[in-house]
Structure formats: C-alpha cells, structure tokens
Amino acid sequence: MKENDIRFIKLLILVNGLVPLALLVWDQGHKQLGANPQNFLILTTGMMTLIFLVLTMAVMPLRKITGWNWLIQFRRMLGLYAFFYGCLHFLCFFSLDRGFSVSSTLTEMLKRKYLIVGSTALIVMIPLAITSTNAMIKRMGGKRWRALHRLAYVAAIAGVIHYYMQVKADVRQPLVFAAVLAVLLGYRLVVYLRQTKPIKAATPAAK
Amino acid sequence: MKEPDKISDNEITPSAVYFNRRNFIRTGILAASAVATGVVYRKLNPVAKGEVKTAKLEGVISASAATNAATGFRVDEPETSFEDITHYNNFYEFSTDKEGVASAAQGFDTKGWQVSVEGLVNKPKVFNLDDLLKISPPEERIYRMRCVEGWSMVIPWAGFSLSKLLDVVEPTSAAKYVAFETLLNPKRMPGQRSDVLNWPYVEGLRMDEAMHPLAILASGIYGRSLPPQDGAPIRLVTPWKYGFKGIKSIVKIKLVADQPRTSWSEYAPNEYGFYANVNPQVDHPRWSQATEQRIGASGRRPTLMFNGYEEQVGHLYTGMDLRKNF
C-alpha cells in the first residue's frame, strides 16, 4: 500500500474517531443527552474507550489472517484514541460525578472495586501512550517496547471487567465485549503456543 | 526524425486535474464515512422523544397545606419534568435501558385490568380497575423518588393510601406482610422474554409499612393517568424506600403471614434487602449511597435518611439494625 493511501486511511480513522465526540458535544449543546446527561457522558466515553481498545487488539489477528501487513500502521492511532476517550471518561467522572473534588474522587476510587479496576486500566495506558512515538520505539528497542506494550492486554481486560462490575443486572453488553476480547486474546494464545511448541520440543534434543 | 509514440500534450491528464479528481473522491469517502459513523452512533443513541398521551384524571384532590407539611405528602422541592419522569424509567419488563422503556412500553394495553386482593383477608376480591380506583379519590402527593442506582426525582403522583384498600378487604390477625405481583405476560411485556430477573416481579411490605399513609397506590402523575412506562395502570409508591420497592402494573396483592420473597433481593441478596429503606450511611456493596444525582439538576446532593421522611416513618424501625436489615 502506498504511503499516500496510508496517510489517507489514517485521516479516515482520525475523523471518524472524532465523530462520537462531536455528536456528544452537539447533543450536550442542544440539551438532548437525555434525563441524566452526566451518566450518559460517563457511560458513552467509557464505551468508546472499550470500542477502541477492542479495535486496537483486533489489528494483530486481522493482520495475520489477511496478510495485510499495512494494517499495523493504524494500531497506534486506535490505541491513542482508546487512551483519549479513557481520559475523557475519567474527566467526566471527576467533574460531573465528583464535582472536581480530588479528595472525594480519591476516597471513592479506593473504596469501590470497579473504580480500582477501571483506574488500573487507564493508568497502564499512560506509559503506552507516552512510548507510542517512533522515536520511543527506537530508543527502547523493539523487544523491550513490545514487552511493555503487552500492558494493552491488562488495559483491555481490566476495562471490560470494570464495565461488567458496575452494571446492575443486565450484563449482556459487557459480556459481548468480553466475548469479542476473548476471541482476540484466544487467537494470540494459539499463535503463541504454535510458535513456542517446536522450540520446546527441540530443547531436550539439543542437550 | 519523427519521435515515436508521442502522446500529444492534450491527451495527458494534467497532474493537477489528476490529483484534484483523487482529492475529490477522497473527500467524498471521508465525508461519507463520517456520516455513516454518525448514523450508527445515532441509531445506538437516539434522541427522538415520543409524545406521551394519557387521559386527564378527574377529581384529583390536594390536601391542606398544614396537612401536607406534617405528613410529608408534598415535598417543597422543584418537580422533575414530565418529560424526564416519562423517559427515564427502570422497568425491566419492557427494557433494561432506562431511556428505552418509554418506546418499548408504548401501546401497552391495560383494558380490562383486574387486581386480585387475596390471602389472609376476610373479604378477598378481584377488583376491576375502575372499582379499585373508586375506593378513594386520587390525592396529589409530591414525593421524592430515590433510585438505588444513585439518582432521584421529585414526582407529583396521584393516588390514595394503600391502607384504604386494605381496610376494604379486612386483613385477618394472621396477616403480617403484604405481597405484590406484577403482570406476567411476555407478549405484552417483551422484557420478560429475557431472564434478567425471575418473572413475574414481586415485592412486599411489612403490615405496618403497608398501613402507613405515605404508602400509596398511584394511578397518575402530573394529573394524568400513569403512562405505561411509569407502571400503568396502578403501582405502589413508598417514598422512603428505594425506587425498586415501587412495584408497577400490579395484578395481585396477597396478605401473608411470612416475609414474602422480593425480586431484587432474590437476584442479589447481598446487594438488595427486603426493607430497602433509603439510607445514606449504608452503601450498596458496589457504590456509595451517600449522595444522589437529582435528575434535571447538576452535581450531586446528599441523600437524606429515609429519603427525608424520617420524621414520618422512623418509628417503624426503632431498635432495628439497619445495616443488617438493609
């Protein structure tokens, strides 16, 4: 795929990723976020975070299956969008739910298991976002960079658990996220096991 | 000498035109994809609000100001809009999406509705709705409504005290509790096709709670008949308890000797108790109950003990450990 086309697809992702945010702002401006706009903003930004986390995790399996290696070039942007919406999600909680009170945010976050899990997801995304630049990949070296970026699994799993934990009774939506994530992670596991098997088998023979 | 295969200049697409065409197509793709994303978002988050049309209730009476203040019949706080009360509902029989209940419940037919009042009573009776509503004229009661999820409303109900119905059927001395049941009909209540809860929805009150004047059978809001999403045609309202105690679309009321099972405490006994009294000091295991989000207002406000009805109902629970009996 040509450099020019890659840039265009990146632009596509950039613009489309902003559409939900633009509509949130628009609806807020027109007072049409429903009866509980605070909750809606928190829920929707959280949902967007999960969607982008899942999309990020889908890149590698999709690339292996289709052989489209250029897909990898969009992973950073998807991951950064997950982090972006995750930050918005936290800001909505901090401002609308906790009234900008640092102390009440902290006490609530330490008291509630689902908030501990959610914060974990967001916090592990911070180093990933910081080290997402080409310069950082070079500086760290591919191996160490890849090891660090396995934290994305933690973020995605914790994110879905966080959603599951705070749902009152109808867990169908969090379970859909969990199922999709399980397939994506399961695929990686299969790939990993296939790669390691022959090496393990070879080790005793070499001795 | 002749140059071979010379393509005349005017046959070559000028690069400017070529790139323009390409840009034009790309701009089109970009715009189309953004619109498509927007449409998907809108499908998932609709803003359309249907009109809610219900009949005007005749003869709703309002108690005197003095009575209202003492009894808690009328709370002096801004009322939540009709729009919000009718478009933000927890009614899993129709949908687990609070904003989706209104449209899912539209057209719910309550013609020929009957309520059976039975069990440990001297005069059991199956009431036609009209006969039930004739027991006492509807009174306006402006109550706070605190949902266990941490949001609240102020709702102008129309209804009468449950005690008036109980007086008609004459509970025996063996009756210690009142058990309520919602209609079970998955055809008319599509939410009952999924097993989120164990249908039909059931609730219960202790006898003294049921006889308390604040506990009402409501048949209207804002001077109009209850819309389906709010529990048509008749529902329970107990303003000092979390909203889920207010069982909707009641078809059966049974006087019993033992504490009846209730839907939410059956679903998660560690999270929802039989009493479900509003209590800012006793948190839900997963979230705080100290504050609440008043619908239509910004920020959170402190939640009041017994939802602000401590003066009226506090004595019902003297000596009880409210942490254990949550």
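Modeller: We begin with pairing: two strands pair if DSSP finds at least two bridges between them. Helices (H or I, at least four residues) and strands (E, at least two) are themselves DSSP runs, numbered from the N terminus. In this predicted model, local features need pLDDT of at least 70 and side-chain atom pairs count only at pLDDT 80 or more, while totals for chains, interfaces and linings use all residues. Residues are numbered from 1 along each chain as its sequence is written, and chains are lettered from A and ligands numbered from 1 in the order in which they are written.

Biologist: In which sense do β5(B) and β10(B) pair, and over how many bridges?

Modeller: Strand β5(B) and strand β10(B), residues 250–256, are antiparallel and share six bridges. Within that pairing, Val256(B) stands opposite Tyr177(B). On β6(B), residues 202–206, β5(B) has an antiparallel partner joined by five bridges, and there Arg206(B) is the bridge partner of Tyr177(B).

Biologist: What order do the strands take in the sheet?

Modeller: The order is β2-β1-β10-β5-β6 in chain B, an open sheet of five strands with mixed pairing. Strands β2(B), residues 125–128, and β6(B) each have a single partner strand, so they stand at the edges and one side of each has no neighbour in the sheet. From one strand to the next, the twist averages 15 degrees; axes for such angles are lines fitted to C-alpha atoms, for helices over the stretch in contact, and the angles run from 0 to 180 degrees between N-to-C directions. The parallel case is β1(B), residues 114–119, joined to β10(B) by four bridges, with Ser116(B) opposite Lys252(B).

Biologist: How should I read the two faces of a strand?

Modeller: In a regular strand the side chains alternate between the two faces of the sheet. In β5(B), Tyr177(B), Ala179(B) and Glu181(B) point one way, and Val178(B), Phe180(B) and Thr182(B) the other. Six of the six residues of β5(B), 177–182, are buried. A residue is buried if 20 or more other C-beta atoms lie within 10 Å of its own, exposed if 12 or fewer, and partly exposed in between, with C-beta atoms placed from the backbone.

Biologist: Which residues have the most contacts inside the largest nonpolar core?

Modeller: A nonpolar core is a set of buried Ala, Val, Leu, Ile, Met, Phe, Trp, Tyr and Cys residues joined through C-beta atoms within 7 Å. The largest has 68 residues, and Trp157(B), Val178(B), Phe180(B), Ile216(B) and Leu217(B) have the most contacts inside it. Strand β4(B), residues 151–161, gives the most to this core, with six residues. Another core, of 22 residues, lies apart from it and includes Phe52(A) and Met125(A).

Biologist: What does chain A contain, and how many of its residues are in contact with chain B?

Modeller: Chain A has nine helices and zero strands, and 25% of its 207 residues are buried. Two residues are in contact if their C-beta atoms, placed from the backbone, lie within 7 Å. By that criterion, 24 residues of chain A are in contact with 25 of chain B. Helix α1(A), residues 3–29, gives the most to the side of chain A that touches chain B, with nine residues.

Biologist: What confidence accompanies the complex?

Modeller: The predictor gives an ipTM of 0.86 and a pTM of 0.87.
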